[in-house]
Amino acid sequence: MEPLERSAPIPDPLAPYLAVDRSQPRHECWVAGHTVAGLDGTASIHGRVGALSTAPDQDLFRRMRQIADVVMVGAQTVRSEGYAPMRLNEDAQTQRRARGQSEMPPVAVVSRSLDLDWSSQVFAGAPEHARTIVITCAKADPERLAAAEQAATIIIAGEDRVEPAKALQALAGLGYRVVLCEGGPRWLGELVAADRLDELCLSISPMMGGDQLPVSVAPPGAGIAQFALQATMVADDTLFLRYEAKPPEEGRS
């Protein structure tokens, strides 16, 4: 065991994440989860994840969207965090164009119920070239589905529920090769249970006493997934950890 020591300051904290090769996903596309937790494992304070986030984490969280072809998020997180279309600065847009990506990644909202405000900014404010996507299931309420079709691009991924594999297959079919998942805990748990999480970027915030909600909530019957620590960084009192999924022969019996 080696002691964990503070490293020299990194000129650009995003640089190590940009350097990761995500061109060889294990399945349809590369799925990276990005979330924050308190020291006691809590994933929110008074129902909001953003309340846990420190200044260095907020900065990295916004900038990490630069790696993504699409940013995927659960409906409850959209409602509680007040999501809007992605915004990247000119330099980030230039770098994306150089890598063959669009200037802005669209948002993809995962929702079975379609209980969403279609006039909110994440839908009404999305530019045509990055129209928001809604991923739902075939048995969604027909009236709500009709309203969703007016506000977003619709993906049907499953009959009674949104199935992670079908959702990601559909996104890959639209050309989205790197998917950045920003939560929430239940959708992240679904991705892990479906063996679709390739990477987890986890920020540890120096706080305790938040809601009794973990980073990931596994669905019934889910197995154990194992990950390998690839990198660590520290800024002020916030710890940044980057993990990648272990291959089945390494991580599972």
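This briefing covers the strands, nonpolar cores, cavities and pockets of one structure. The model is predicted: local features need pLDDT of at least 70, side-chain atom pairs count only at pLDDT 80 or more, and totals for chains, interfaces and linings use all residues. Residues are numbered from 1 along each chain as its sequence is written, and side-chain values use heavy atoms, with hydrogens and water left out. Helices (H or I, at least four residues) and strands (E, at least two) are DSSP runs, numbered from the N terminus.

**Strands**

- Nine of the nine residues of β1 are buried, so β1 is largely enclosed by the rest of the structure; buried means under 20% relative accessible area, exposed over 50% and partly exposed in between, with a 1.4 Å probe and protein chains only.
- One side of β1 carries Trp 30, Ala 32, His 34, Val 36 and Gly 38, the other Val 31, Gly 33, Thr 35 and Ala 37, and both faces are covered.
- β1 runs parallel to β6, and four bridges join them; two strands pair if DSSP finds at least two bridges between them.
- In this pairing, Gly 33 stands opposite Cys 181 of β6.
- β1 also pairs in the parallel sense with β7 (residues 199-205), over seven bridges, and there Val 36 stands opposite Ser 203.
- In β4 (residues 133-136), Ile 133 and Ile 135 point one way while Val 134 and Thr 136 point the other way, and all are buried.
- β4 is joined to β3 by three bridges, the two running parallel, with Val 109 opposite Val 134.
- β4 and β5 (residues 153-156) pair in the parallel sense over four bridges, and the bridge partner of Ile 135 in β5 is Ile 155.

**Nonpolar cores**

- A nonpolar core is a set of buried Ala, Val, Leu, Ile, Met, Phe, Trp, Tyr and Cys residues joined through side-chain atoms within 4.5 Å.
- The largest nonpolar core has 33 residues, of which Tyr 17, Met 64, Tyr 83, Val 109, Trp 118, Phe 123 and Leu 180 touch the most other members.
- Elements that each supply at least two residues of this core include β1 (30-38), α2 (55-63), β3 (107-110) and β6 (178-181).
- α6 gives the most to this core, with three residues.
- Apart from this core lies another, of 28 residues, among them Val 31, Val 70, Ile 135 and Leu 171.
- Not counting residues up to four places away in sequence, Phe 123 touches Val 109, Leu 116, Asp 117, Trp 118, Thr 132, Val 134, Ala 151 and Ala 152; contact means heavy atoms within 4.5 Å.

**Cavities**

- On a 1 Å grid over the protein atoms alone, a cavity is a set of points where a 1.4 Å probe fits but cannot get out, and a pocket is an open set with protein on both sides within 12 Å along at least five of seven lines; lining residues have an atom within 4 Å of a point.
- Grid points are joined across faces, edges and corners, and a volume is the space filled by probe spheres set on the points.
- There are two cavities of 30 Å³ or more.
- The largest cavity has a volume of about 90 Å³, and of its 13 lining residues Thr 35, Glu 182, Gly 183, Gly 184 and Pro 185 are the closest to its centre.
- β1 supplies the largest share of that lining, three residues.
- The second largest cavity has a volume of about 50 Å³, and its lining includes Pro 85, Met 86, Arg 87, Val 107 and Thr 132.
- By class, the lining of the second largest cavity has nine nonpolar, one polar and one charged residues; Ala, Val, Leu, Ile, Met, Phe, Trp, Tyr, Cys and Pro count as nonpolar, Asp, Glu, Lys and Arg as charged, and the others, Gly among them, as polar.

**Pockets**

- The largest pocket has a volume of about 630 Å³.
- Of the 30 residues lining the largest pocket, Gln 58, Phe 61, Arg 62, Arg 65 and Glu 182 lie nearest its centre.
- α2 gives the largest share of this lining, six residues, and the lining divides into ten nonpolar, ten polar and ten charged residues.
- The second largest pocket, with a volume of about 480 Å³, is lined by 21 residues, of which Gly 74, Ala 75, Gln 76, Arg 186 and Trp 187 lie nearest its centre.
- α3 gives the most to the lining of the second largest pocket, with five residues.
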